[in-house]
Amino acid sequence: MNKKSYNPFEVAQKQFDRAADLLELDKASRDLLRNPLREYHFSIPVRMDDGSMNIFRGFRVQHNDARGPGKGGVRFHPQETIDTVRALAMWMTWKCTVVDIPLGGSKGGIICDPHNLSQLEQERLCRGWVRQIARNVGPLSDIPAPDVMTSAQHMLWMLDEYEAIHGTKNPGFITGKPVGMGGSLGRKEATGYGTIITVREALKELNINPEDTCASFQGFGNVSQFAIELYQQMGGKIICVSCWDQEDQTGYSYRKKDGIDLIELLNITDSFGGIDKTKAQELDYELLPGEAWIEQDVDILIPAALENQITADNATKISNRVKIIAEGANGPTTPEADKIIREHNIFMIPDLLANAGGVTCSYFEQVQSNSNYFWEKDEVLGKLDVQMTSAFIAISEFAKSKKLYMRDAAYVIAVNRVAQACSDRGWV
Ligand code: NAD
């Protein structure tokens with residue numbers, strides 16, 4: 001089946017329905033939680049460097065804020081759609097809840113390809129997005145952050161515009177800022193490190209020594225690079241990574257059977273996580289098709305690129321050796337593929353948990369920004385480890401006690417907590 005035929009919001013709703021059924025949730029709670037509370041669609045006029053005007057489409061979706069202010073990134077992507085943003089906003093609600101931080105779920109996006117925009121055009125686009133949504137977001141209502149193809153610099157431009165509009169300093173308005181400008185130490189590492197903390201805990205449960213394992217990754221961006229760093233520090237070997245090739249408009253997998261060299265690959269990677277294929281081949285990496293990352297003979301698979309990458313078609317190509325899949329990306333597995341993985345008894349660490357390190361550290365950044373007092377990196381990463389480990393243990397214990405698949409256990413815990421908050425507030 002073609003990946004494009006999956007609608008991420010329908011996938012997110014199907015996942016929610018499964019949890020709602022397991023919880024026997026009442027109709028009003030289902031109606032409330034199946035859809036976003038609010039969504040904004042807007043046009044962003046941007047003056048291009050050649051003097052012409054371009055109108056970009058922007059979104060912000062606030063799925064649920066019963067447990068606290070909305071939180072969620074802003075994604076730049078040429079194929080961005082409102083349904084992608086809706087799905088991501090819903091997943092943010094569950095994710096904040098799984099790691100038990102007092103935040104709700106939101107997400108934003110702009111249909112654009114920053115590869116084709118100059119730095120000045122990107123700055124105007126960031127400022128334009130904030131001008132359209134400034135009245136509906138804020139440090140106590142909805143706090144944006146980076147996502148695919150957005151960086152600390154984009155966050156700083158957005159913060160600057162927000163502060164200019166409001167005439168006050170509001171560093172808690174946005175997270176993922178540069179360190180020294182209100183950003184938290186440890187934020188850039190947090191998502192990838194968080195993924196590997198959950199892998200570490202799963203390996204403990206399966207009684208496997210990390211040093212005896214090898215892995216294959218999809219994606220070589222923010223999440224993947226730091227996940228690889230920590231996994232290698234634990235003694236694991238990475239056989240293969242894949243990424244998008246901007247020039248050829250397709251994905252490629254890069255394989256080295258004796259293990260990739262992270263530093264070597266970082267030196268030939270652009271700021272969007274694209275590897276220079278010519279240089280990689282000169283360094284003796286095998287260049288394979290984009291989907292080859294999933295077929296590798298490894299113990300651990302880490303999809304850390306985009307949604308809907310593991311499908312019913314390629315899930316059947318997963319090696320029998322694979323014991324753990326940790327979803328670094330949001331929604332990388334379609335429901336049909338998930339069923340196959342469940343039947344093969346692979347230990348699934350679902351996105352809600354596996355990539356929750358990012359939002360956990362964003363919450364730490366927000367706390368630091370609001371109090372204007374910043375913590376040492378070890379303190380941030382130590383607190384991250386505590387939060388991720390206890391979330392993992394809570395879900396895995398619940399899964400074992402109720403004989404549930406890990407994804408179902410995470411969903412049941414999250415949906416139950418949010419439904420309870422809505423009920424306590426008198427919304428349902
Ligand atoms: P990024 O833009 O830094 O990197 C994305 C990587 O995926 C790049 O290497 C890109 O080349 C690759 N890629 C894109 N399309 C691909 C394809 N079709 N095939 C193979 N590779 C492809 O993004 P990121 O911040 O690392 O985010 C990756 C995923 O993790 C997304 O799903 C994002 O929503 C999720 N996530 C990110 C964070 C965070 O803190 N950055 C937090 C939680 C979840």
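Reply: Buried area is the accessible area, taken with a 1.4 Å probe, that two parts lose on being put together, summed over both. The model here is a predicted one.

By that definition, domain 1 and domain 2 bury about 800 Å² between them. Of this area, 57% is on carbon and sulfur atoms. On the domain 1 side, three residues stand out: Arg75, Trp91 and His115 supply 47% of the area that domain 1 buries against domain 2, more than any other three residues.

Counted by residue, 13 from domain 1 are in contact with seven from domain 2.

The rule finds one salt bridge across the interface of domain 1 and domain 2. Between Arg75 and Glu307, the side chains meet in a salt bridge, with 3.0 Å from N to O. Arg75 is also one of the three residues named above for their share of the buried area.

Which elements build the domain 1 side? Strand E3 (70-77) and helix H3 (82-98) each supply at least two residues of the side that touches domain 2. Helix H3 gives the most to that side, with four residues. Sorted by class, the side of domain 1 that touches domain 2 holds five nonpolar, three polar and five charged residues.

Last, the setting. The whole protein chain has 15 helices and twelve strands. Its C-alpha atoms fill a box of roughly 55 × 55 × 45 Å along the principal axes. Because a compact globule of 428 residues would have a radius of gyration near 22 Å, the 20 Å of the protein chain agrees with that.

Technical notes. Residues numbered from 1 in each chain as written. Predicted model: local features only at pLDDT ≥ 70, side-chain atom pairs only at ≥ 80, totals over all residues. Heavy atoms only, no water. Contact = heavy atoms within 4.5 Å. Salt bridge = Lys/Arg side-chain N within 4 Å of Asp/Glu carboxyl O. Nonpolar A, V, L, I, M, F, W, Y, C, P; charged D, E, K, R; others polar. Rg over C-alpha atoms; globule rule 2.2 N^0.38 Å.
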